[in-house]
Amino acid sequence: MLKYLLEKEFKQIVRNTFLSKMMVILPIMTIVVFPYVTSQEVTDVKVCIVDNDHSQASQRLAQKVEASGCFSVAGYEPTYGEAMKGIEEGSADIVLEIPRGFAKSRGRGEEPQVTVAANSVNGVRGGLGSQYLSAVIAAFAAEEGGSEARAAQGMAAGAGPATLYRYNPTLDYKVFMVPGLIAVLITLLCCALTALNIVGEKEAGTIEQINVTPVPKSLFILAKLMPNWAIGMLSLSFGVAFAWAVHGISPLQGLPSIVLFSAVYILVASAMGMVISNYSDTMQQAMFLMFFFLILMMLTCGLFTPIESMPEWAQKITTLNPMRYFTRAMRLAYLRGSSPAELARELMWLGGFAVVLNAWAVASYKKSN
Amino acid sequence: MSRHSVVVDHIAKSYGRVKAVGNLSLDVGRGELFGIIGPDGAGKTTLFRILATLMLPDSGRATVGGLDVVADYRAVRGIIGYMPGRFSLYPDLTVEENLEFFATVFGTTVEANRHLVDDIYRQIEPFRKRPAGKLSGGMKQKLALSCALIHKPEVLLLDEPTTGVDPVSRKEFWAMLLKLRNEGITILVSTPYMDEATLCDRIALVKDGSLLGTDTPGGIVGRYPTALYAVRSADMHRLMADLAGYTGAASAFSFGDTFHVTLAPGTAPADLQSHLAALGHKAVCIEQTAPTVEDCFMLLSKKEE
């Protein structure tokens, strides 16, 4: 009987042109486009420079800021007050004020104070922008400083800590994001497909017709799960292929982990979709419920913000988020090439979610009211 | 084996505070074509859903083919063919695929029971490659009936199969039901159309979840207690108000292009004639007419109030 149910499901999927399009468009959007738009690297910070010194030294500093690559000079203003207007209007993000007598005091070997004022409405942009700017100013001071300063700089370079970034040597944001985005892709696709598929049968009334047949509910659910599992694995391979072709991110030796974890996680995501569908009567309700849970899961899975920096109670909540384990496993598999054995804890959690959610799905699927 | 195929015993079902079916009892004989006649909201669909094991009754019990619809729901599903009021086959599967699918999930094949659906299916066969969602209303109902029949059920539950179907298709559909009845299949069919009632072996009139009466269509009509008159005049619109305001008329309601009127005791048709003439009605025509099931329904539902 399963064979006939599956035959029917596949026929419906193949005929659904919208679905086939989604299966290609979604991986392209999430894996190819998203890593660029979700980048938290701050570039093109607009700096407004207030040069009260008008010396060669102050001009060199301005040039250095401009040449650093992170900044674009929004303009030169005569006073700090004028520059602040630029921030209020949004034409500048940061004001750099170089004090009068900047060159002279440098000549005397002092460290003159420059003022950096950043617009922190967008906290990340303001914070990182001012950090970058301070770094540029510090570098300028080191290069141009007197001989003593140069000696100090040399000493510092000799004694300072040498930072080595493991697993992602260039701190490339994409290397970090793409594995997580593959997790988003699979969650979205499998959860939505399952939820909408079953609610679709409810809306069309066909579920009634199935319910009066002798088809047991477990079989009906299995017939829904299996095609979605195949679609999930297919979109995973699309995702992995795009990540490699577009961003040059290959999974190292982590491929077995990636396949294994995805195989389990798709069951979790589909079961979630099924549970959602069992509690909604219309597509609208299902969509709303799904968005609620997906957004919650995405925000607490550690993809955009590290779980460790969340408050204690929030961290506890994230342990109930299956996406958290999957995102972590995908990252470790991608960046470190971790084997399934090294990720046993994550695998156990995901396996547990798969069992519990699927049991819930079968139990809440009511054949008679 | 009892001689009753479907037994409904004091079934009640409410949705929150709304009573859908209240303490309803009836029984349908083996091989009978039994009609449940009632307006929208009478509780017909609820009754069908309970019999089709899709819903649990609040109280009472029901059996189909001797099997309890709650305790033996699985076995019941094997012997019934249910056709819900709403078209509910897969719109993206073709006519052929739908039929095959429903045959296979019941563990049978189209070939095995082809003879049962042959008459109906032959009419939709030219469109067998067409997605079911793209069929016309009448065709959809024929396909739905085919799908409900393909596993050779003992009992057919048809919930308003002809609602929204054109008159020609309705006639054809009922011709098929009569043929199936002759094959020995018990058919329980609901309809809001009173004219279809006369085609049933027996009918039950329901309103607001309660039974108004059960009998053969002839029996129901034969029990009509008084003479019934069809009244017409040149100004039908004003006639309605004037009939309602006339104490000599016990009841009056519109029926096609006339009004069906019963007279209060002691009022003769001639009295009505002169009353209407006095009110200025022209071309007044009063004829005695044979009561129909609809007249009986109106009378019974009036009594109920």
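**Entry 1: domains of chain A**

I looked up the domain assignment of chain A: domain 1 takes 2–38 + 169–364, and domain 2 takes 45–159. Such bounds come from an automatic or database domain assignment. I took the centres over C-alpha atoms, and those of domain 1 of chain A and domain 2 of chain A are 47 Å apart.

I note that this is a predicted model, in which local features need pLDDT of at least 70, side-chain atom pairs count only at pLDDT 80 or more, and totals for chains, interfaces and linings use all residues. Residues are numbered from 1 along each chain as its sequence is written, while chains are lettered from A and ligands numbered from 1 in the order in which they are written.

**Entry 2: confidence in chain A**

I checked pLDDT, the predictor's confidence in each residue, from 0 to 100. The average for chain A is 84, and 92% of the residues score at least 70. A contact here is two residues whose C-beta atoms, placed from the backbone, lie within 7 Å. Where pLDDT is low, the predicted coordinates should not be read in detail.

**Entry 3: annotated spans of chain A**

I found a UniProt annotation, "transmembrane region", from an unreviewed entry; among the spans of chain A that it covers are 18–37 and 219–246. UniProt positions are in the numbering used here, feature names are shortened, and annotations may be inferred rather than shown by experiment. Residues 18–37 of chain A are 100% helix and 0% strand, with end C-alpha atoms 25 Å apart. Residues 219–246 of chain A are also 100% helix and 0% strand. Their end C-alpha atoms lie 40 Å apart.

**Entry 4: chain B overall**

I counted eleven helices and 14 strands in chain B. The C-alpha trace of chain B spans about 70 × 45 × 35 Å along its principal axes. Of the 305 residues in chain B, 46% are buried. Buried means 20 or more other C-beta atoms within 10 Å of a residue's own, exposed means 12 or fewer, and partly exposed is in between, with C-beta atoms placed from the backbone.

**Entry 5: helix α4 of chain B**

Which residues of helix α4 (residues 114–124) of chain B are buried? I list B:Leu116, B:Val117, B:Ile120, B:Tyr121 and B:Ile124. They fall within an arc of 100° seen down the axis of α4(B), so they line one face of the helix. The arc is that of the directions from the helix axis to the C-beta atoms. The face turned away carries the exposed B:His115, B:Asp118 and B:Arg122. The cover over the buried residues of α4(B) includes α3, α5 (137–149) and α6 (167–182) of chain B.

**Entry 6: where the chains touch**

I looked at the contact between the chains: 24 residues come from chain B and 18 residues from chain A. On the side of chain B, α2 (73–79), β6 (80–83) and α3 (95–105) each supply at least two residues.

**Entry 7: domains of chain B**

Chain B has domain 1 (4–221) and domain 2 (224–304). I find 36 Å between their centres, taken over C-alpha atoms. Twelve residues from domain 1 of chain B and ten residues from domain 2 of chain B make the contact.

Key: Helices (H or I, at least four residues) and strands (E, at least two) are DSSP runs, numbered from the N terminus.
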